[in-house]
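Thank you all for making time for this short walk through one model. Please bring the sequence and the structure up on your screens, and I will go through what was computed from the atoms.

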Amino acid sequence: MICFDPSATHPTHSCLVVRKHDLLQKLDEYDLNILWTVLGEKHIINGRSSQDSYMGKLDISGVVHFKNGELVHLPHFVEKK
């Protein structure tokens, strides 16, 4: 077993636990790569006194992948009014 969710057998938070060395070895063995997409947004809320002081929101996205055995995050941020 290379990856598992400990909450399946124990009363804990749901997450993914990975044996990194074994995962990277299998990816290399089969000439594969793995990546994760990151998507999110942050609404900026403050004690504004008028509609003109609204700061908008921040869209957060990106890609995470392995490069030379290390995780690399390629972020992308877009501010919207």
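I will begin with the overall layout, then turn to the charged pairs, the aromatic residues, the surface and the cysteines.

Before that, a word on conventions: this is a predicted model, in which local features need pLDDT of at least 70 and side-chain atom pairs count only at pLDDT 80 or more, while totals for chains, interfaces and linings use all residues. Residues are numbered from 1 along each chain as its sequence is written, and side-chain values use heavy atoms, with hydrogens and water left out.

As for the layout, the protein has 1 helix and 5 strands, where helices (H or I, at least four residues) and strands (E, at least two) are DSSP runs numbered from the N terminus. In sequence order, the pattern reads β-β-α-β-β-β. Of the 81 residues, 12% are buried, and here buried means under 20% relative accessible area, exposed means over 50%, and partly exposed covers what lies in between, with a 1.4 Å probe and protein chains only. If we take contacts between residues at least 6 apart in sequence, 28% of them join residues at least 24 apart, a contact being heavy atoms within 4.5 Å.

Let me now come to the charged pairs. Side chains of opposite charge can pair when their charged atoms come close. The rule used here asks for a side-chain nitrogen of Lys or Arg within 4 Å of a carboxyl oxygen of Asp or Glu, and by that rule the count is 3 salt bridges. One of them joins R19 and D22, with 2.5 Å from N to O, and R19 is partly exposed at 45% relative accessibility. Another joins E70 and K20, whose closest N and O atoms are 3.8 Å apart. This pair links distant parts of the chain, since E70 lies in strand β5 (residues 70-80) and K20 in helix α1 (residues 20-29), 50 residues apart. Both partners are partly exposed, E70 at 48% and K20 at 37%. There is also a salt bridge between the side chains of K26 and E29, at 3.4 Å from N to O. Because K26 and E29 are 3 residues apart in helix α1, about one helical turn separates them. K26 is partly exposed at 38% relative accessibility, and E29 is partly exposed with a relative accessible area of 48%.

What does a search of the whole structure find in the way of aromatic pairs? It finds 1 aromatic pair, with rings of Phe, Tyr and Trp (its six-membered ring) taken as paired if their centres lie within 6.5 Å, and with planes under 30 degrees apart counted as stacked, over 60 as edge-to-face and the rest as tilted. The pair is W36 with F66, and because the ring centres are 5.8 Å apart and the planes stand at 70°, it is edge-to-face. W36 belongs to strand β3 (residues 35-43) and F66 to strand β4 (residues 57-67), so the pair ties together parts that are 30 residues apart in sequence.

L24 is partly exposed at 22% relative accessibility. L24 and N68 are 44 residues apart in sequence and 9.6 Å apart in space, C-alpha to C-alpha.

In strand β4 we also find H65, which counts as buried at 18% relative accessibility. With residues up to four places away in sequence not counted, H65 touches I34, L35, E70, L71, V72 and L74; E70 is the residue that forms a salt bridge with K20.

M1, F4 and V17 make a nonpolar surface patch of about 310 Å². Patches are made of residues with over 30% relative accessible area and no salt bridge, like charges being joined within 9 Å and nonpolar side chains (Val, Leu, Ile, Met, Phe, Trp, Tyr) within 5 Å. Of these, F4 lies in strand β1 (residues 3-4) and is partly exposed at 37%.

Finally, the cysteines: a search of the whole structure finds 0 disulfides, a disulfide being a pair of cysteine sulfur atoms within 2.5 Å. C3 is partly exposed at 35% relative accessibility, and C15 is partly exposed at 38%.

Terms used:
Areas by Shrake-Rupley, 256 points an atom, 1.4 Å probe, with all protein chains shown as cover.
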